[in-house]
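This report covers a sheet and a ligand site. Please view the structure before reading on.

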Amino acid sequence: MILFALPNKGRISEPVMKILEKAGLKITAQGRSLFANTVDKDVKIMFARAKDIPEFVADGVADIGITGYDLVLERGVEDKVDFLLDFNFGFARLVLAAPENSEIKSLEDIKDGVRVATEFPNLTRKFFEKLGKRVEIIELSGATEIAPFIGVADIISDLTSTGTTLRLNKLREIAEIVRSTTRLIGNKESLKDERKRRKIEQLVLAIKSALFAETKKLIMMNAPKDKVEEIKKLIPGMCGPTVAKVLSNDEYVAIHAVVNEDDIYNLVPKLHELGARDILIVPIERIL
Ligand SMILES: Nc1ncnc2c1ncn2[C@@H]1O[C@H](COP(=O)(O)OP(=O)(O)OP(=O)(O)O)[C@@H](O)[C@H]1O
Ligand SMILES: O=P(O)(O)OC[C@H]1O[C@H](OP(=O)(O)OP(=O)(O)O)[C@H](O)[C@@H]1O
Ligand SMILES: [Mg+2]
C-alpha cells in the first residue's frame, strides 16, 4: 500500500487535484476528511498542509507527496527525499524586498542587525549566512508584507509569483533567494521496496502523461489527397500524422495528429489554405 500526501488547501491544492483526476487517479474524498481512497485500492490519500508534507515524506509517514520545492528546502529535507516529478506549475520565488522608500535598495545596503520578517526562517538565515551578514530573523506565519510598515522588521523575505502583492504594498524586490515549483517527492526507503517502487513508477507515468497532454491537442481534418505531403510537413505529429480513407469521398483523406497547443493558432489558416476542411481541435486527457 502507498500512502500519498496531498495539500489539503492553499495555492497548489486545486491544480494538484485536477491533474490527478486527469491522470485517472480518481479520489473518493468525503468532505473535510483527512484520508481518502482512490480507484487503485493500493493507493490511499492523506491530506495535510503543504508545509508539513516534506517532513512526512522524509520520515516515511507518507510514501510520496506533492508540495512546493521551497517548502522541501525550508524543512531542509532535500537530501532525505527523492524528487520524482516537477509539475511546472505553482511557480513562486522567495525574494527579499524592502519598502520603496527604504534606504535599503540592494544587498550591499543590508547591514548587520537588519531585521528580516519571513515565513521561511531557515532559507532566509542560510542565504544571509552565505553572504556573511548577521541579520535578525523575525518569524511570521503569514501576511509578512505588513511587517516593515508596523515597525516589526526592516525588510521581508516572502514568496512572489505575479508580483502583485509586492507592488500593492509598495515593496521593492532586492534579491532572489530561491525559485520554486510544485514537486512530487518520494521517501527513499519506500522507493527501495520493489512493490512500492513499481506502484510509484506507475503513478509517476500516469501523472506525466496527464501533464504532457495538457500542452497538446488532437487536430483532425479532411484534406485533399494531393495535399497530404504538404500538410505532413506542417504537422509532423508524434510519429507522423495518421492518414485514413474517407469512404464517401475518394479525393479526400482524413488526417489526425497531435500538435502543440501553442502552434494551433498559426497552423489552422495554413491548413485551410491547403484545402483542409472539417477541422476539429480536440482536448487530450493523457498521452502515454
Ligand atoms: N503566489 C504564491 N504565493 C505563495 N505560494 C505560492 C505561490 N505560488 C505558488 N506557491 C506555492 O504554494 C505553496 C503553498 O503555499 P500556500 O500559500 O498555498 O500555503 P500556506 O501558506 O501553507 O497556506 P495559506 O497561505 O493558506 O496559509 C508555496 O510554498 C509555494 O510552493
Ligand atoms: O506575487 P503574488 O502573485 O501577488 O503572490 C504573492 C503572495 O502570495 C502569498 O500569499 P498567500 O496568498 O499564500 O497568503 P499568506 O501570505 O497568508 O500565506 C505570498 O505570501 C505573497 O503574499
Ligand atoms: Mg501562503
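## Sheet and ligand site

In this predicted model, strand β8 (residues 115-118) and strand β10 (residues 155-160) run parallel and are joined by three bridges. Thr118 has Ser157 in β10 as its bridge partner.

Both strands belong to an open sheet of five strands, ordered β9-β8-β10-β7-β11, with mixed pairing. The edges are taken by β9 (136-139) and β11 (171-180); each has a single partner strand, so one side of each is left without a neighbour in the sheet. On average, neighbouring strands of this sheet are turned by 25° against each other, direction ignored.

Helix α4 (residues 121-131) packs on the sheet. The helix touches β7 (92-99), β8, β9, β10 and β11, and its direction makes about 105° with that of β11.

The second topic is the ligand. There are 13 residues around ligand 1, and those that come nearest are Gly10, Arg11, Arg49, Asp70 and Ser161.

| Residue | Protein atom | Atom of ligand 1 | Distance |
|---|---|---|---|
| Arg11 | backbone N or O | oxygen | 2.6 Å |
| Asp70 | polar side-chain atom | oxygen | 2.7 Å |
| Phe91 | polar backbone atom | nitrogen | 3.5 Å |

How values were computed. Residues numbered from 1 in each chain as written. Chains lettered and ligands numbered in written order. Predicted model: local features only at pLDDT ≥ 70, side-chain atom pairs only at ≥ 80, totals over all residues. Heavy atoms only, no water. Pairing = 2+ DSSP bridges. Helix = DSSP H or I, 4+ residues; strand = E, 2+ residues; numbered from the N terminus. Axes fitted to C-alpha atoms, helices over the stretch in contact; angles between N-to-C directions. Contact = heavy atoms within 4.5 Å. Near = heavy atom within 4 Å. Polar contact = N/O pair within 3.5 Å; in protein donor to acceptor, adjacent residues only side chain to side chain.
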